[in-house]
Amino acid sequence: MFTLTKRQFVKLAGLSIANRVVPGYLRAEPARDASSSNKVIIVTFGGGVRYAETFAPDGLHNIPRLMELRPGGQFFKSCVNAGVLSHFNSTASILTGNWQRVDDFGFQPPASPTLFEYYRKGAGAGPTDAWAIATNKSFSTMGWGAGSDFGQPYGANVILPKQLLLEATQDIVKKRTDQGLASRENVLRQLENILNEGYEGVGWTVFKAGRQLDKHIRETLIHALTEYINGPEAPTSGDELTFFIAREVMREFSPRLMLVNFWDMDVAHWGSYSLYLQAITKTDRLTGMLWDEVQSNPHYKDKTTVLVLPELGRDGDVNAANGFLNHRSGDPSCRNMWMLALGAGVPKGETDRPVHHVDVAATAAALLGVKSGEMAGRPMRELLL
Amino acid sequence: MASIQPKLSPAIQTYIDKGLFDRLPVSFSAFCFDQMKDWDLLFPNERRYFERLFDLLDRSGQPEVDRLFEPMRAAETQLGVNEKTWPKRQFTLDQVDFLNRNPHYPEWRAAVSTVFGKIDPLLDAEIARKGKPRLVVVISPADIPTGPDRMWLRIANRGKRVAIQQPENVEDFVPLLLTGLAHSQSAPSLAETYAGGSAPYDAWVVEAGDRLAGTAGKAVHCSYTRLDTYRKRLMTEVNRMVGSAEIRGPRQLSEHLKHMKVTASEADIARDAIMAEFTRATLLSGNGTLLINNTFVEWATVQAIRRARPSVTVVGFGVRNKVKPFSSLLIYADQAESNPIPTQTDTLGTYVDLEVFYQYILQEFEKYAEYRRNTVYLFVGEGMDELLAIGPADFPLLQASASLTLPTVHADCAKWLGLA
């Protein structure tokens with residue numbers, strides 16, 4: 001018969017009871033093992049979106065997919081961007097775990113190492129295992145930070161789909177080809193031409209990984225472009241291309257760490273509220289489609305945590321310089337956002353406890369089971385049960 | 001970098017000579033200095049504001065001024081303001097960058113708000129004593145695909161919906177409202193009549209199209225359509241500079257574009273140096289004003305309120321075009337040329353856009369003492385049988401119980417302004 005010593009009994013009983021009566025985050029469980037297959041995808045509503053148009057009561061109709069997903073995840077009601085309210089610094093803060101105050105336009109890399117570097121170095125991950133699929137050209141320096149122990153050898157592949165699209169449309173307009181931009185085939189041909197000329201022209205960083213793998217990467221990207229051009233909903237925006245490329249990268253390389261930075265909602269700077277709302281709804285739809293891919297792809301299903309959050313907010317309607325058009329007032333509408341965590345090991349629920357953008361990198365590092373360096377952010381205990 | 005002494009009013013120059021600016025926190029005095037450096041291009045209201053502000057500070061005792069600016073000095077210490085980071089009277093892009101990226105920027109902003117929170121009521125009290133009736137008319141285009149019950153929803157609770165009798169000919173709707181007579185009878189408008197008897201820049205007509213041009217007379221007339229040539233030149237230049245990588249970032253680009261003034265051959269507005277600079281600044285202070293007609297109208301109106309404080313303002317919105325697939329990525333390209341797909345209007349999108357802009361415009365007026373308690377706002381949808389009136393209780397429309405004719409509305413407005 002199996003017997004227990006008193007010490008063993010107390011230990012097991014204590015743990016068993018603790019599971020029922022003590023919240024998981026108080027049990028201070030260690031970070032997961034780097035050898036695990038946990039994956040993390042960070043999805044940002046880049047460009048900036050306000051609570052008012054998303055999870056505030058009047059905004060819920062703009063985000064039907066997130067609303068559908070929210071009950072199955074952990075919703076952080078208060079996720080604060082306490083840093084510089086520019087795009088590059090905001091996303092760099094999310095990725096480094098430290099508030100960044102570097103050049104707003106990507107002329108400087110983040111001042112501290114990124115999550116990509118901690119992950120690749122810590123887990124010994126290869127060059128196709130960390131990707132940043134973003135929009136703004138300034139994000140070309142987002143793949144690695146300035147830390148001397150890390151840097152480029154451990155950085156992410158940085159893909160900027162909208163820049164490729166931009167180059168292609170510019171070329172088509174310049175060449176005045178038959179049908180011009182009205183022909184989707186013209187657009188596809190031009191996208192392929194630019195891609196074949198090299199990634200650097202459109203600000204991408206894709207690591208050289210040997211001839212065979214390079215060919216594989218190129219074919220993957222071309223396939224994504226073809227899917228995009230022939231998509232049944234006739235997609236045309238940069239964010240839609242971002243989605244198609246992100247999905248293709250997931251299918252071909254199954255990276256364990258990805259940033260997907262959507263951006264269309266920054267159209268708010270044009271001053272059209274309706275275009276801004278349409279962009280939010282589109283981002284919601286694309287985020288939902290990304291989640292669908294996570295659920296249907298065996299490399300991701302049940303082993304992936306998806307963290308969805310706005311990069312920053314936008315100015316409030318009252319007493320601001322010009323309301324939703326900008327994001328520079330520093331008012332609560334600019335800083336106070338939300339985060340939705342979904343997927344593997346994420347307990348259902350919601351919390352009022354304020355978390356910060358810099359907590360994302362620390363949390364993701366813990367989920368990936370890698371040690372991070374010095375970070376201002378702290379792991380979100382709600383996600384580390 | 002040596003600071004250049006701008007040409008200022010004698011009064012301001014006297015305060016500088018007396019050393020007033022040197023006794024103020026450097027970020028405050030530098031900001032004011034920067035704002036005043038193109039003195040000749042400021043509106044009369046802006047010049048009066050600076051004269052009143054520095055007169056107030058000069059009249060106040062030094063201990064009182066020190067107390068007033070104490071939070072700002074504390075914030076400057078936190079920011080790390082010193083002669084190197086902030087040379088005296090300098091407010092360039094370097095200082096803007098220094099502020100934006102400084103971890104204590106929020107504290108500095110809060111301190112600025114605190115200081116102005118104490119100064120503004122004193123200056124406002126003086127303005128309020130000299131108050132006069134003012135009028136704002138905001139006209140939405142006839143193409144808006146909704147009824148008046150779905151209009152002005154964000155601000156409707158601030159005023160009263162007033163029933164309007166439709167004119168026989170819808171083309172006469174705006175002329176009857178603004179002139180009291182049908183288009184064929186060609187009468188002077190409220191703005192035109194008011195401008196004829198008031199100081200320059202006291203009456204404005206801002207519009208997306210150009211059909212209110214004939215109602216402006218001597219009033220300032222700002223039209224997105226009439227700036228077409230200038231806008232396209234600016235867009236081409238921005239496109240060229242961004243493409244050629246000559247420019248480091250948007251702020252540097254904006255600095256470069258400061259020299260691209262509108263020419264007389266491009267628009268009549270160029271004949272007035274103040275308005276030429278106003279137009280340049282309005283078109284270049286955000287992408288949207290170059291690209292979208294109603295964004296231009298909203299921002300030009302907001303800037304006119306902030307800077308000129310007009311007594312009569314007529315705002316005419318238009319219908320925005322739909323963005324075209326792919327070519328809308330090329331934000332500085334002419335959409336009509338860059339994509340063969342026919343241009344289509346977006347009336348529903350326009351409706352959604354304007355609902356926000358009504359609120360922003362009303363809010364902007366109400367920020368200033370000039371407009372509080374003495375301004376009538378009429379929000380009008382062309383061809384609609386209802387308008388929204390906001391204003392003091394003694395404005396006749398707010399007591400109306402039956403539907404009114406447009407000439408009656410016009411007559412009430414004229415009387416309110418003292419034109420009848």
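Select helix 3 and helix 6 of chain B, whose crossing is right-handed (the near helix is turned clockwise from the far one by less than a right angle). The model is predicted, so local features need pLDDT of at least 70 and side-chain atom pairs count only at pLDDT 80 or more, while totals for chains, interfaces and linings use all residues. Residues are numbered from 1 along each chain as its sequence is written, and chains are lettered from A and ligands numbered from 1 in the order in which they are written.

Helix 3 covers residues 44-59 and helix 6 covers residues 105-129 of chain B, and their axes come within 11 Å and cross at roughly 115° (axes are lines fitted to C-alpha atoms over the stretch in contact, with angles from 0 to 180 degrees between N-to-C directions; helices are DSSP runs of H or I, at least four residues, numbered from the N terminus). Now show B:R52, B:L53 and B:L56, which meet B:I119, B:L122, B:L123 and B:E126 (contact means C-beta atoms, placed from the backbone, within 7 Å).

Next, move to chain A and select helix 8 (residues 238-253) and helix 9 (residues 273-296), whose axes come within 10 Å and cross at roughly 10°. These two helices of chain A are therefore roughly parallel to each other (angles under 35 degrees). Among the residues that meet here are A:F243 and A:M250 in helix 8, and A:L286 and A:M289 in helix 9.

Finally, display both chains, where 30 residues of chain A are in contact with 34 residues of chain B. On the side of chain A that touches chain B, helix 5 of chain A gives the most, with 5 residues.

Methods. Two residues are in contact if their C-beta atoms, placed from the backbone, lie within 7 Å. Angles under 35 degrees count as roughly parallel, over 145 as roughly antiparallel, 65 to 115 as roughly perpendicular and the rest as oblique.
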